[in-house]
Amino acid sequence: MLLFDGNKLSGAIPDTLGLVQTLEVLRLDRNSLIGPVPSNLNNLTNVNELNLAYNQLTGTVPNLTGMDHLSYVKLKDNSFNDTFSMGDSIGGSLQLVDLQNNQISSVTLSSGYTNSLVLVGNPVCNTSLSNTVYCQNTDENPKTYATNLANCGNKLCSPDEKLNPQSCECAYAYEGTLYFRGPSFRELFDSNIFHSLESSLWNKLNLTPGSVFLENPFFNINDYLQIQLALFPPTGKYFNRSEVARIGFAMSNQTYKPPHQFGPYYFIASPYHFQGTTLQGGLYTSGGGGGGSCN
């Protein structure tokens, strides 16, 4: 993977990039790159995600011919112009081509491509394509996943507790947010993908099977997959301090490795409510009067 998104890079994309044929994810979005995309970019035949959005790139849209592993292409918010052709050799795995807010004046569609193409904000949408789905704003993530709590009925917990999907008992979960920078998928309704993450978490973190809760996955403004995570203690209502330290180290230092399709990540934990602490001003403090965050 080459993940240089949001790094304040400037200048042109070098031709030598097309020589790195082992790349699977290429993210150069949210920089200040200029000029045309190298013509040999389609040498990167193993790339499944290409994201060059939010730059100042010009010239014709990159030729995608031969990039048969591509699933997602994001070229929005640049200055690509002239004609865009889907071609006749687009790979069958291509799910999304996002060309919003460029200067594309005409488009040649491929009869073999029936998935998402976004052209909103291009001159071509002022022509006969204006009323097509390609030129309409749509909700990119209409459905999302959450761990199933159906077996727990309508049980409610106090505001500081959450319902453990394994035991259906209320407990103080270790919570935080996962940010995945280069997942190889964008389907947020495929339960099998998220089940693999749940089982990976409880197996690799030595938790009770079923004691992981995921909710509200979405692609944020940085195009990272963001997921709310809650992990539950194996017994009782609380983790002890050594358990929180062990899990926090594994997540924050990335010794925990998620399933391959999720790619690299980082984790931001919420303060943990240890037994005998109270919440004051957004921080958990001990009953003995000493202040501080219990992270």
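The structure here is a predicted model: local features need pLDDT of at least 70, side-chain atom pairs count only at pLDDT 80 or more, and totals for chains, interfaces and linings use all residues. Residues are numbered from 1 along each chain as its sequence is written, and side-chain values use heavy atoms, with hydrogens and water left out.

**Exercise 1. Confidence**

Find the mean pLDDT of the protein chain, and the residues over which pLDDT stays under 50.

Step 1. pLDDT is the predictor's confidence in each residue, from 0 to 100.

Step 2. The protein chain has a mean pLDDT of 87, and 90% of its residues reach 70 or more.

Step 3. Now look at residues 279-295, where pLDDT stays under 50. For this stretch the model has 32 contacts beyond four places in sequence, a contact being heavy atoms within 4.5 Å.

**Exercise 2. The disulfides**

Work out how many disulfides there are, and describe each pair.

Step 1. We need a rule: a disulfide is a pair of cysteine sulfur atoms within 2.5 Å. By the distance rule the count comes to three.

Step 2. Take Cys125 and Cys135, whose sulfur atoms sit 2.0 Å apart. The torsion about their S-S bond is about -85°, so this disulfide is left-handed. Cys125 and Cys135 both lie in the loop between β11 (116-118) and β12 (162-163), 10 residues apart, and the pair links distant parts of the chain. Both cysteines are buried. As for the labels, helices (H or I, at least four residues) and strands (E, at least two) are DSSP runs, numbered from the N terminus.

Step 3. Next comes Cys152 with Cys168, again S to S 2.0 Å. This disulfide is left-handed because its S-S torsion is about -80°. Cys152 is in the loop between β11 and β12, while Cys168 is in the loop between β12 and β13 (170-171), 16 residues apart. Cys152 counts as buried at 10% relative accessibility, and so does Cys168 at 18%.

Step 4. That leaves Cys157 and Cys170, with S to S at 2.0 Å. Their S-S torsion is about -85°, so here too the disulfide is left-handed. The pair spans 13 residues, from Cys157 in the loop between β11 and β12 to Cys170 in strand β13. Which of them is buried and which is partly exposed? Cys157 is partly exposed because its relative accessible area is 25%, whereas Cys170 is buried at 12%.

Step 5. Number the bonded cysteines in sequence order and the pairing reads 1-2, 3-5, 4-6.

**Exercise 3. The cores**

Locate the largest nonpolar core and say how many residues it has.

Step 1. A nonpolar core is a set of buried Ala, Val, Leu, Ile, Met, Phe, Trp, Tyr and Cys residues joined through side-chain atoms within 4.5 Å.

Step 2. The largest one has 35 residues, and those with the most contacts inside it are Leu26, Leu50, Phe84, Val97, Leu99 and Leu119. Strands β8 (79-85) and β10 each supply at least two residues of this core.

Step 3. There is also a second, separate core of 32 residues, which includes Tyr145, Phe194, Phe219 and Ala250.

Step 4. Back to Leu26: leaving aside neighbours within four places in sequence, its contacts include Leu2, Leu17, Leu41 and Leu50.

**Exercise 4. A loop residue**

Decide whether Gln100 is buried or exposed.

Step 1. Gln100 lies in the loop between β9 (96-98) and β10 (103-108).

Step 2. With a relative accessible area of 16%, Gln100 is buried. Not counting residues up to four places away in sequence, Gln100 touches Lys76, Asp77, Val118, Val120, Asn122 and Asn137.

Notes: Buried means under 20% relative accessible area, exposed over 50%, partly exposed in between (1.4 Å probe, protein chains only).
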